[in-house]
Amino acid sequence: FALFVLCGAGDPHAAVAGATALRLVRECVFESLPVEALAWLALTLHAHGTKEAKVLVEDIVFYIDTCFDADKGTFNEHYPSEQAERVFAHPQRTDAVVLYTLLVIRPDHKFIEPLRATLLEGNRTGLWHLSQVSTWSMLAFI
């Protein structure tokens, strides 16, 4: 998340953040990272803009696609319960971060509408009770 913030805020260290994200993605196994972390890395790499970064963004989006539960319109089942406790996971925040990511890097993506519908339904049913869920959801809807 910190790498994304540095790139998005126009920090003079954005190039370092992008290079760090490249190194992380090259060395990691996607299955070992939560979808939310991959979305943040995709945003950071997208901002970095190199040819290698663009290829890795496409790889990340492809992997994220495989984690989406189209019947539920969410990524809720991605976290095993013990992992969720360690990473302070929140399914609606993950959905909102991924929606924001897709809107930035792939605005015509097929999962945008299902994610929007799921997040709006969550708002109606009170699932936006945490500030991070509300913030990321509002960013995705702006």
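How many salt bridges does the structure hold? The structure holds four salt bridges, a salt bridge being a side-chain nitrogen of Lys or Arg within 4 Å of a carboxyl oxygen of Asp or Glu. This is a predicted model, in which local features need pLDDT of at least 70 and side-chain atom pairs count only at pLDDT 80 or more, while totals for chains, interfaces and linings use all residues. Residues are numbered from 1 along each chain as its sequence is written, and side-chain values use heavy atoms, with hydrogens and water left out.

**Packing of H3 and H6**

- Helix H3 (residues 35-48) and helix H6 (residues 91-105) have axes that come within 9 Å and cross at roughly 25 degrees; helices are DSSP runs (H or I, at least four residues), numbered from the N terminus, and axes are lines fitted to C-alpha atoms over the stretch in contact, with angles running from 0 to 180 degrees between N-to-C directions.
- H3 is therefore roughly parallel to H6, a term that applies to angles under 35 degrees.
- The crossing in which H3 passes H6 is left-handed, meaning that the near helix is turned anticlockwise from the far one by less than a right angle.
- On the H3 side, the contact (heavy atoms within 4.5 Å) is made by Val35, Glu36, Ala39, Trp40, Ala42, Leu43 and His46, and on the H6 side by Arg93, Thr94, Val97, Val98, Tyr100, Thr101, Val104 and Ile105.
- The residues of this contact divide into ten nonpolar, three polar and two charged, where Ala, Val, Leu, Ile, Met, Phe, Trp, Tyr, Cys and Pro count as nonpolar, Asp, Glu, Lys and Arg as charged, and the others, Gly among them, as polar.

- The side chains of Glu36 and Arg93 form a salt bridge with an N to O distance of 2.8 Å; because Glu36 lies in helix H3 and Arg93 in helix H6, the pair ties together parts that are 57 residues apart in sequence.
- Glu36 is buried at a relative accessible area of 3%, and Arg93 also counts as buried, at 6% (buried means under 20%, exposed over 50% and partly exposed in between, with a 1.4 Å probe and protein chains only).

- Glu52 in helix H4 (residues 51-67) and Arg26 in helix H2 (residues 14-27) are 26 residues apart, and their side chains meet in a salt bridge at 2.6 Å, N to O.
- Glu52 is partly exposed, at 36%, as is Arg26, at 48%.
- Glu58 forms a salt bridge with Arg106, with the closest N and O atoms 2.2 Å apart; Glu58 lies in helix H4 and Arg106 in the loop between H6 and helix H7 (112-124), so the pair ties together parts 48 residues apart in sequence.
- Glu58 is partly exposed, with a relative accessible area of 39%, and Arg106 is partly exposed, at 24%.

Note on methods: Helix = DSSP H or I, 4+ residues; strand = E, 2+ residues; numbered from the N terminus. Parallel < 35°, antiparallel > 145°, perpendicular 65-115°, else oblique.
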